[in-house]
Amino acid sequence: MFKTYDKNIKEIISAKAPDTDWKNILEQHRVMMARIQHERLIHLLVMIFVGIIMSCSVFFTIVTMKPDLLIFGIPLLFLFIAYIFHYRFLENTTQNWYLLEDQIKT
């Protein structure tokens, strides 16, 4: 959804059609920005939670000296890495949309 919108809004801005209702486009853009900011916040909180649980799992594995407990830590590590990459995408897209908002205003 975000990638499609990003592509569409960039096409609209680059076209600079004289009959474009920029006020309506700005309003729609702000709605989409609110959505991605909400998504970004939720993913940040989940990423932090997964990181804490992963760290605790690795800590207990080290303290108890039972490598069998890595069965919990390793999948959490991969999940944490996936969340980092997805959060990076959301953050970069949000920052890019702030710049697009400035372009729409002018």
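Mentor: We begin with a term: helices are DSSP runs of H or I with at least four residues, numbered from the N terminus. The model before us is predicted.

Trainee: Which pattern does the protein chain follow along the sequence?

Mentor: The protein chain holds 3 helices and 0 strands. Read along the sequence, the pattern is therefore made of helices, in keeping with the definition of a helix as a DSSP run. That pattern is α-α-α.

Trainee: Is the protein chain more spread out or less spread out than a compact globule?

Mentor: For 106 residues the globule rule gives 13 Å, whereas the radius of gyration of the protein chain is 20 Å, well over that value. The C-alpha trace spans about 70 × 15 × 15 Å along its principal axes. Because its radius of gyration is well over the rule, the chain is more spread out than a compact globule.

Trainee: What percentage of the contacts with a separation of 6 or more comes from residues 24 or more positions apart?

Mentor: Contact here means heavy atoms within 4.5 Å. Among contacts in the protein chain with a separation of 6 or more, the share from residues 24 or more positions apart is 77%.

Trainee: How many salt bridges does a search of the whole structure find?

Mentor: Side chains of opposite charge can pair when their charged atoms come close. The protein chain has 11 positive and 10 negative side chains. The number of salt bridges found in the whole structure is 3.

Trainee: Which helix holds both lysine 10 and aspartate 6?

Mentor: The side chains of lysine 10 and aspartate 6 meet in a salt bridge, at 3.2 Å from N to O. The two residues are 4 residues apart, about one turn of the helix, and both lie in helix H1.

Trainee: Does glutamate 101, the partner of arginine 30 in a salt bridge, count as buried or exposed?

Mentor: Arginine 30 and glutamate 101 meet through their side chains at 2.7 Å, N to O. The pair links distant parts of the chain, with arginine 30 in helix H2 and glutamate 101 in helix H3. Since buried means under 20% relative accessible area, glutamate 101, at 11%, counts as buried.

Conventions: Residues are numbered from 1 along each chain as its sequence is written. This is a predicted model: local features need pLDDT of at least 70, side-chain atom pairs count only at pLDDT 80 or more; totals for chains, interfaces and linings use all residues. Side-chain values use heavy atoms; hydrogens and water are left out. The radius of gyration is taken over C-alpha atoms; the globule rule is 2.2 Å times the number of residues to the power 0.38. Lys and Arg count as positive and Asp and Glu as negative; His and the chain ends are not counted. The place of a charge is taken as NZ of Lys, CZ of Arg, CG of Asp or CD of Glu. A salt bridge is a side-chain nitrogen of Lys or Arg within 4 Å of a carboxyl oxygen of Asp or Glu. Buried means under 20% relative accessible area, exposed over 50%, partly exposed in between (1.4 Å probe, protein chains only).
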